[in-house]
Amino acid sequence: MPYKISFVMDQIAGHITNYRNLRSVADKDADILADWHEIYYHKSEGKIEFVREKVLPIIPSYVSGVLRGTLEIQRAMHNYRQYDAIWTNASVGLFFTHVYKRVPTLVDFDSTPLQIDRMESYGSGSADPKVIANLKWRLFRNELRSATLLQAWSNWAKQSAITEYDIPAEKIVVNPPGINLQFWHPGTIEKSSQSDNILRVLFVGGDFRRKGGPLLLEWYKGQDPLRCELHIVTREPVEKRPGVYVYHDIEPNSEKLISLYQNSDLFILPSLGECFGIANLEAMGVGLPVIASDVGGIHDIIEPGRNGFIVPSNNLPALTEAISSILDDQNRRQEMGRQSRLLAEQNFDLQSNAMRTFDFLKQIANSKPVTQSAIA
């Protein structure tokens, strides 16, 4: 008898890729009968958006976003009693903890609100009023306490839940998202055998500024376009200059995207704010050295000196030194690439990590939900 599972999944940023990846595995699992509920925070033709944009433009966009998300998840939770378990990463799920107390629920998270608030690149840089900050803290803590099981993407996120929200460590498992290693694999042509001998550096980030794209452009000012190219995949405009190639029309998990990875020599994501960074995993899957900023859960991804480097955020000298140490040493570059692939196979295989998630869901479906009183 298959387990009927409701997947309530945010459709924002890297969570979209995780949604598609997780669904591709679940659809092949005969033990999982899945209902997929996509939670959006903006719909161009929606009535909520029409009111905010045309009738009451003084309303902040985040308010209409919360309203939209709440409406979406309310529809998803309408017949919640039919499910054996619920999986959710929806940020507005904290308004539906009464459901979590009735149906075994796994809450998946890549960060906590306190961690996000400490990253200026995610917001205005100004702190919330104390009453708002306290409300956010209480709502999120209540969500974590009400869930049956918590799945953190990284030890960084888990530690915040423990120390800043008073959640028992034994209630939290660390299980990062994975990538399809049959799709994300090294190219068939060795980089050293390419005839033009041009080194190619790759950046993939829809939010160009938050992901540190301008810092990478600043580094590239001193490079010879005949020796090194910079390839940028983003949705934002980027100034044109010799040796810089910008792609705006590449979809996640597309053949065009993997081709860019496979034809590159180094992947760099110098984010100012980041919770995890699935693009780092994709680079590792194709066998690239990775350089990333010391933000979020990056220490669960990169082993400095083995498959790349972790540099201080927004630090051009440190970034420049790390890039040079890899681009200027072919043997190091190739060995780091091999280690990246090995670490991807060990830690970020989609099939293994998704099946681990499904096993968690089956386990909580077979037991009674943890009640508020039991974990207080």
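This is a predicted model: local features need pLDDT of at least 70, side-chain atom pairs count only at pLDDT 80 or more; totals for chains, interfaces and linings use all residues.
Which element gives the most to the lining of the largest cavity? H13 does, with four residues.

**Figure 1. An open sheet of six strands with parallel pairing, in the order S2-S1-S3-S4-S5-S6.** The edges of this sheet are S2 and strand S6 (172-174), each of which pairs on one side only. Direction ignored, neighbouring strands are turned by 20° against each other on average. Strand S3 (residues 85-88) and strand S4 (residues 105-109) run parallel and are joined by three bridges. Trp 87 has Leu 106 in S4 as its bridge partner. Helix H7 (residues 155-165) packs on the sheet, where it touches S4, strand S5 (149-152) and S6. The direction of H7 makes about 165° with that of S6. H13 lies across strand S1 (3-10), S2, S3, S4, S5 and S6. Relative to S3, H13 runs at about 140°.

**Figure 2. An open sheet with the strand order S9-S8-S7-S10-S11-S12.** This sheet has six strands, and the pairing is parallel. Strand S9 (244-247) and strand S12 (308-311) are the edge strands, each pairing on one side only. From one strand to the next, the twist averages 20°. Strand S7 (residues 199-204) runs parallel to strand S10 (residues 266-269), and two bridges join them. Val 201 has Leu 266 in S10 as its bridge partner. Helix H11 (residues 316-327) packs on the sheet and touches S7, strand S8 (228-233), S10, strand S11 (290-293) and S12. The direction of H11 makes about 175° with that of S12. Strands of a sheet pair through backbone hydrogen bonds, either parallel or antiparallel.

**Figure 3. The largest cavity, with a volume of about 100 Å³.** Of the 14 residues that line this cavity, Asn 18, Leu 22, Pro 176, Pro 177 and Thr 357 are the closest to its centre. Helix H1 (14-26) and helix H13 (350-365) are the elements that give two or more residues to the lining. The contribution of H13 is the most, at four residues. By class, seven of the lining residues are nonpolar, six are polar and one is charged.

**Figure 4. The second largest cavity, holding about 40 Å³ of space.** The structure has two cavities of 30 Å³ or more.

**Figure 5. The aromatic pair of Tyr 19 and Trp 36.** The structure holds 14 aromatic pairs. In the pair shown, the ring centres of Tyr 19 and Trp 36 are 5.9 Å apart and the planes stand at 70°, so the pair is edge-to-face; planes over 60 degrees apart count as edge-to-face. Tyr 19 lies in helix H1 and Trp 36 in strand S2 (residues 32-39), so the pair ties together parts that are 17 residues apart in sequence. Helix H1 also gives two or more residues to the lining of the largest cavity, and S2 is an edge strand of its sheet.

Terms used: Residues are numbered from 1 along each chain as its sequence is written. Side-chain values use heavy atoms; hydrogens and water are left out. Two strands pair if DSSP finds at least two bridges between them. Axes are lines fitted to C-alpha atoms, for helices over the stretch in contact, and angles run from 0 to 180 degrees between N-to-C directions. Contact means heavy atoms within 4.5 Å. On a 1 Å grid over the protein atoms alone, a cavity is a set of points where a 1.4 Å probe fits but cannot get out, and a pocket is an open set with protein on both sides within 12 Å along at least five of seven lines; lining residues have an atom within 4 Å of a point. Grid points are joined across faces, edges and corners, and a volume is the space filled by probe spheres set on the points. Ala, Val, Leu, Ile, Met, Phe, Trp, Tyr, Cys and Pro count as nonpolar, Asp, Glu, Lys and Arg as charged, and the others, Gly among them, as polar. Rings of Phe, Tyr and Trp (its six-membered ring) pair if their centres lie within 6.5 Å; planes under 30 degrees apart count as stacked, over 60 as edge-to-face and the rest as tilted.
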